[in-house]
Amino acid sequence: MTDTSREGGSTSGRAAADPGADPRARVELADLRRPEAPYLRACLGLDPGHVPMWIMRQAGRYLPEYRKLKESYDFLTLSSTPELLTEVTLQPLKRFPMDAAIVFADIMTPLHSMGFDIDFAPGPVIQNPFRGPADVGSLRTPEPEEIAPYLEEGLRSLAAELPPHQALIGFSGAPFTLFCYVVEGGGSKDFMTPRSLLRAEPEAAHTLLSALADTQVHYLRMQHRAGADALMIFDSWVGLLSESEYRHFAMPFVQRILDGLADVPAPVTYFPFGGGHLLDAVSELDVDVVGIDWRTPLSEASGRLGDGKAVQGNLDPAALFATPGILEAEASEVLREGAQAGSHVFNLGHGIDRRTDPDQVARLVDFVHGWGR
């Protein structure tokens, strides 16, 4: 991992490139708003004091207090009202001593400002999907101030409420994953329509992917400016691609986002779900942390990613339905694997299931924080 001998001067994976060949700004501990937050220290390869953890989708349907709010408000209202999204984001931190909060939003959020009409029923449904060259003329890259101003307000509120040891994570979707949704018009098992469009209309597909990447740059920069301490890019459907397809259709547009964030002093995590076969390519991306799903051991992932990248993950969400003994045994294995990786942020290998017992989450947090002490 990165050099841990110099507290103020340690750098992240993005800083590991030759500074003479690459003008990217270094992410230094001294530049962070919450330099003592264990999560941020782990992202930079520094000693966090304990293994930090948070859980993907930790604010949501498995919490009774969230379900209570859902009796009065739909998802769009909850995620687009600053006071409500602040409340929902903080709900899991009031129950569990998580090391980070992730803002309550959706990867589809910035697409409204690109001109896409999106509903949730309950998954995303795009009423005006992009289907080819005829739709290029209506495609737009919004100005930064047009993208989710309510989210900016909510992030400012969250940043003011969180204590110094808990980090605030902002996030976006990756271009290929968003491409899948806006071309398909919603969810799919194989996203054949967007995968076909990549070959049938490569110029139109490239235009859409570029616009999606540029919009995410604006969106993520806004989140950092408003108070996010770290940023995350979710690539939920990239596992559908082979490595050669990934290098051609997805990876350049992820790097386009990273280039647009080069001067932003915040660690960046990239989560290529189902992408264990893509890690050799992912190792070339200028990210600080790589999220790993439960199908690839962390030690193997770290070895393929090389020095300069922390790993995040990767307990199977199903383990939260096990007996306490089995849950702790499976968490122990993840922790042992993470210890071999050099720098590790504990998480699930995917989002928490809505049927999960919150008491199991409490048990897991206590176990992870107490491990190795």
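**Figure 1. Searching the whole structure turns up 2 cavities of 30 Å³ or more.** The model you are looking at is predicted: local features need pLDDT of at least 70, side-chain atom pairs count only at pLDDT 80 or more, and totals for chains, interfaces and linings use all residues. Residues are numbered from 1 along each chain as its sequence is written, and side-chain values use heavy atoms, with hydrogens and water left out. On a 1 Å grid over the protein atoms alone, a cavity is a set of points where a 1.4 Å probe fits but cannot get out, and lining residues have an atom within 4 Å of a point. Grid points are joined across faces, edges and corners, and a volume is the space filled by probe spheres set on the points.

**Figure 2. The largest cavity has a volume of about 40 Å³.** Look for Pro272, Gly274, Gly275, Gly276, Leu279, Gly291, Ile292, Asp293 and Thr296 in its lining. By class, these residues are 3 nonpolar, 5 polar and 1 charged. Here Ala, Val, Leu, Ile, Met, Phe, Trp, Tyr, Cys and Pro count as nonpolar, Asp, Glu, Lys and Arg as charged, and the others, Gly among them, as polar.

**Figure 3. The second largest cavity holds about 30 Å³ of space.** Its lining is made up of Asp31, Leu32, Arg33, His224, Ala228, Asp229 and Pro265. That lining has 3 nonpolar, 1 polar and 3 charged residues.

Figure 4. A pocket is an open set of grid points with protein on both sides within 12 Å along at least five of seven lines. Among the 43 residues lining the largest pocket, Arg57, Arg61, Phe75, Ala105 and Asp106 lie nearest its centre. Helix H2 (64-70) and helix H3 (75-80) each contribute at least two residues to this lining. Helices (H or I, at least four residues) are DSSP runs, numbered from the N terminus. Sorted by class, the lining has 26 nonpolar, 8 polar and 9 charged residues.

**Figure 5. The second largest pocket contains about 250 Å³ of space.** It is lined by 16 residues, and Pro48, His50, Val51, Gly342 and His344 are the closest to its centre. With 3 residues, helix H12 (residues 324-341) gives the most to this lining. The classes here are 8 nonpolar, 7 polar and 1 charged.

**Figure 6. Helix H6 (residues 175-184) and helix H8 (residues 202-226) cross at roughly 120°, with axes that come within 9 Å.** Axes are lines fitted to C-alpha atoms, for helices over the stretch in contact, and angles run from 0 to 180 degrees between N-to-C directions. H6 and H8 are therefore oblique to each other; angles under 35 degrees count as roughly parallel, over 145 as roughly antiparallel, 65 to 115 as roughly perpendicular and the rest as oblique. On the H6 side, Pro175, Phe176, Leu178, Phe179, Val182 and Val183 meet Ala205, Leu208, Leu209, Leu212, Ala213 and Gln216 in H8. Contact means heavy atoms within 4.5 Å. The H6 contact with H8 has 11 nonpolar, 1 polar and no charged residues.

**Figure 7. Helix H11 (residues 298-305) and H12 cross at roughly 20°, and their axes come within 7 Å.** That makes H11 roughly parallel to H12. In this view, Leu298, Ser299, Glu300 and Ser302 in H11 meet Val334, Glu337, Gly338, Gln340 and Ala341 in H12. The contact of H11 with H12 divides into 3 nonpolar, 4 polar and 2 charged residues.
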